[in-house]
Amino acid sequence: MKIILPFIILATNSKKPSIKLCFIKYTLTSGSVAIFKVNDDNDSGELGYSLGSKWWGNGYMTEAVSAVIDYAFNKVGFNRIYASCHEENIASKKVMEKLSMTYEGLLRDGQRNLDNTYSNLSLYTILKRDYKK
């Protein structure tokens, strides 16, 4: 499976721009992947992604995240990329694990929800030296 993934580089005050990637299927925007919270001091950024439920289970997100990670390491010069997901989000964990991201731990009450409760987040990272394309 190969899908065309256009990159949009967003201008920032940072030496490294945030990276955003969106992909389109059947003329509908189905999801996006972005690197944000760029930290120039340690060449790192946070990875985030979302996908419409209609497109779940087809490998699209794994392919899109892989393309963004590759671009971030090999074209932009990142050293570390990290991501988190709700502790119970098995599908998101599988995306990160398929891409050889390392589970680093649990962020207890790492996110406040809209109803003012808190959720635990699972934290994953990948370093450029560990990245294999």
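This report walks through a pocket, a helix and some paired strands in a predicted model.

## How to read the model

Residues are numbered from 1 along each chain as its sequence is written. Local features need pLDDT of at least 70, side-chain atom pairs count only at pLDDT 80 or more, totals for chains, interfaces and linings use all residues, and side-chain values use heavy atoms, with hydrogens and water left out.

Let's start with helix H2 (90-98); helices are DSSP runs (H or I) of at least four residues and strands (E) of at least two, numbered from the N terminus. Its buried residues (under 20% relative accessible area with a 1.4 Å probe, protein chains only) are Ser92, Lys93, Val95 and Met96. Viewed down the helix axis, these buried residues fall within an arc of 155° (taken from the directions from the axis to the C-beta atoms), so they line one face of H2. On the other side, Ala91 and Lys98 are exposed, a word that means over 50%, with partly exposed in between.

Just after H2, serine 100 has a positive phi of about 65°.

## Strands around E7

Now meet strand E7 (118-127). Eight of its 10 residues are buried, so E7 is largely enclosed by the rest of the structure.

Strands pair if DSSP finds at least two bridges between them. E5 and E7 are antiparallel partners over seven bridges, and isoleucine 81 has isoleucine 126 in E7 as its bridge partner. E6 (residues 102-112) also runs antiparallel to E7, joined by seven bridges. E6 and E7 form a hairpin with five residues between them, and asparagine 116 in the turn has a positive phi of about 65°.

Terms used
Contact = heavy atoms within 4.5 Å.
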